Amino acid sequence: MTISTFSLPRNIVYGENALDHLSQLVGKRAALVTGGSSMKRLGFLKRAEDLLKQANFECIIIDNVEPNPSVETVRNGAEAMLAFQPDWIVAIGGGSALDAAKVMWCFYEHPHLSFEDIIPVGSMPPLRTKARFVAIPSTSGSGSEITSFSVITDTKNHIKYPIVAADMVPDIAILDPRIPAKMPPSITANTGMDVLTHALEAYASTAATSFTDPYAIEAIRLVFDNLETAYLQPDNLIARYNMHNASALAGIAFTNASLGLVHSMAHKIGGEFDITHGLANAIMLPYIIQYNRLSTDKYRLLERTLRIKDLIDAIKDLNRRLDIPLTLKDCREVVIEEKTFNTVLERMSENALADPCTVTNPGHTSVENIKNLYQQSYYGK
Ligand code: NDP
Ligand code: MN
């Protein structure tokens, strides 16, 4: 038996209008960090700024964080923070904006550090000597508002780095379902299947414990009961509330139990083909569970607990109802040509084996197994 640690944000504020909690913060200067345009266009950025001003904060806005944020974006944001000296950092947006803000925070606290310095797990020095951190997710997907992870891309070398540091778990997560209620259906579907994948991989992980399982199981139940409604009825606030909570619950499970082969393989196919992360997960998930079933009885236990007849059929059925293709070759978002797929297959499989998420996958893995699973996901079985 190994020693495990279970970490959570100090406060999770959730429910309709939870955003108003910003007016309760105590401090002098707040740096708001956000993505491209959605939070501006939908008025949530202005609302956040107004609430902070009500609490007598001076604010700056650090915006235009791009999907898959770069080291450069993070550096520029940290420079702006150094000039402004915030005592609170408030990140509002998708996983990309939240992830970028976390590493800006680190470089604001420790300006002498380089990006290379913080890549090894456990290398980040303590945060919170200058500022504390609020995360307000606008997608129900990444779980970044809960996790100790941040994914930053080195654009020069085309490599995505997961940065891991317990201190990056936010002080406060604010889950206001009105914000993800504005996501278009396709983003709802893809990010929602990312949540299901986080929960299922954390649940079957070799590092899962009795602390992490309850969160994973509840997240799985909530996704099966609410994702289709959120997709078909964008304004259904109950479905949005349940999906937003599910995303955070899955985040609690996977930040403490890690993930598995679906994420390893999605990371690498994402590097080759620019396919949306949640979509890649959704397509490959059934094939990898089929394989992992040989090594763990946890899926059988889950089927019993949630009264699901066949988990793999249930996932494929949900994909169908969300208009997600069942194979990589049928993907319409990006065309994955058979010839190109076969050219990169070996490299992708080797890189997926080396991904940190592979370590906690329940099934034994080899380059051959992974190649096989990519092929099954491409052609269907
Ligand atoms: P993104 O943050 O990349 O956002 C995707 C798109 O959705 C953007 O175009 C964004 O627009 C738009 N958008 C966001 N919210 C809304 C909304 N409420 N209404 C309308 N449009 C909206 O997506 P994800 O949340 O899926 O995050 C993915 C990122 O998170 C990846 O970089 C991934 O690697 C990372 N990740 C991090 C984890 C962690 O633990 N830290 C775990 C898993 C993934 P705009 O830019 O205009 O706001
Ligand atoms: Mn994911």
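This is a predicted model: local features need pLDDT of at least 70, side-chain atom pairs count only at pLDDT 80 or more; totals for chains, interfaces and linings use all residues.
Residues are numbered from 1 along each chain as its sequence is written, chains are lettered from A and ligands numbered from 1 in the order written, and side-chain values use heavy atoms, with hydrogens and water left out.

**Stop one: ligand 1**

Then pick Asp99: one of its polar side-chain atoms is 2.7 Å from a nitrogen atom of ligand 1. The protein buries 85% of the 940 Å² that ligand 1 exposes when taken alone (Shrake-Rupley, 1.4 Å probe).

Now show the shell of 27 residues (a heavy atom within 4 Å). It splits into ten nonpolar, 14 polar and three charged. Highlight α4 (95-109), which gives the most to this shell, with three residues. Color domain 1 (11-175) and domain 2 (184-379), bounds from an automatic or database assignment; both give residues to the shell, so ligand 1 lies between them.

**Stop two: a pocket**

Next, select Ser186, Ala189 and Asn190, which are among the residues lining the second largest pocket. Its volume is about 180 Å³. A pocket here is an open set of points on a 1 Å grid over the protein atoms alone, with protein on both sides within 12 Å along at least five of seven lines; lining residues have an atom within 4 Å of a point. α5 gives the most to this lining, with three residues.

**Stop three: the cavity**

Where is the largest cavity? Look among residues including Leu200, Ile288, Tyr299 and Pro362. In a cavity a 1.4 Å probe fits but cannot get out. This one has a volume of about 60 Å³, and the count comes to one cavity of 30 Å³ or more. Select α9 (277-292), which gives the most to the lining, with four residues. The cavity lining divides into eight nonpolar, three polar and one charged.

Note on methods: Grid points are joined across faces, edges and corners, and a volume is the space filled by probe spheres set on the points. Helices (H or I, at least four residues) and strands (E, at least two) are DSSP runs, numbered from the N terminus. Ala, Val, Leu, Ile, Met, Phe, Trp, Tyr, Cys and Pro count as nonpolar, Asp, Glu, Lys and Arg as charged, and the others, Gly among them, as polar. A polar contact is a pair of N or O atoms within 3.5 Å; within protein, one must be able to donate a hydrogen and the other to accept it, and residues adjacent in sequence count only if both atoms are side-chain atoms.
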